[in-house]
Amino acid sequence: DAVLGALPVGQNSPQQPPLGLYAEQLSGTAFTAPRATNQRSWLYRIAPSVGGSASEPLPSRLQADFSDAAAVAAPDPHRWRPLPL
């Protein structure tokens, strides 16, 4: 709580977090863990953690050649388009 009033009172994830912050939930357990043993925390950030510019490849210093275009995967975050309502 670096700024007074930055943490929401009475709820973990309000629809509108205070001070224009972004709410993100960080999970510290495996996907297959039972619900009762989940360890998670709510973080409130100035900007979303997935926001940023696109990644660019660096010059390769590997001895092997992995130039097959089918093997190249972008490390940028992706998501499905929302379903129409």
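A contact here means that heavy atoms lie within 4.5 Å of each other. In this predicted model, residues 24 or more positions apart supply 30% of the protein's contacts with a separation of 6 or more. The protein has 85 residues, of which 8% count as buried; Pro-17 and Glu-24 are among the buried residues, and both are described below.

**Overall architecture**
- The secondary structure of the protein consists of two strands and zero helices.

**Pro-17**
- Pro-17 is located in the segment that precedes strand β1, which spans residues 22–27.
- The relative accessibility of Pro-17 is 15%, and because buried means under 20%, Pro-17 counts as buried.
- Beyond its neighbours within four places in sequence, Pro-17 contacts Ala-23 and Tyr-44.
- Ten residues along the chain from Pro-17 is Leu-7, and the C-alpha atoms of the two are 8.0 Å apart.

**Glu-24**
- Glu-24 forms part of strand β1.
- With a relative accessible area of 17%, Glu-24 is likewise buried, since the cut-off for that class is under 20%.

Technical notes
Residues are numbered from 1 along each chain as its sequence is written. This is a predicted model: local features need pLDDT of at least 70, side-chain atom pairs count only at pLDDT 80 or more; totals for chains, interfaces and linings use all residues. Side-chain values use heavy atoms; hydrogens and water are left out. Helices (H or I, at least four residues) and strands (E, at least two) are DSSP runs, numbered from the N terminus. Buried means under 20% relative accessible area, exposed over 50%, partly exposed in between (1.4 Å probe, protein chains only).
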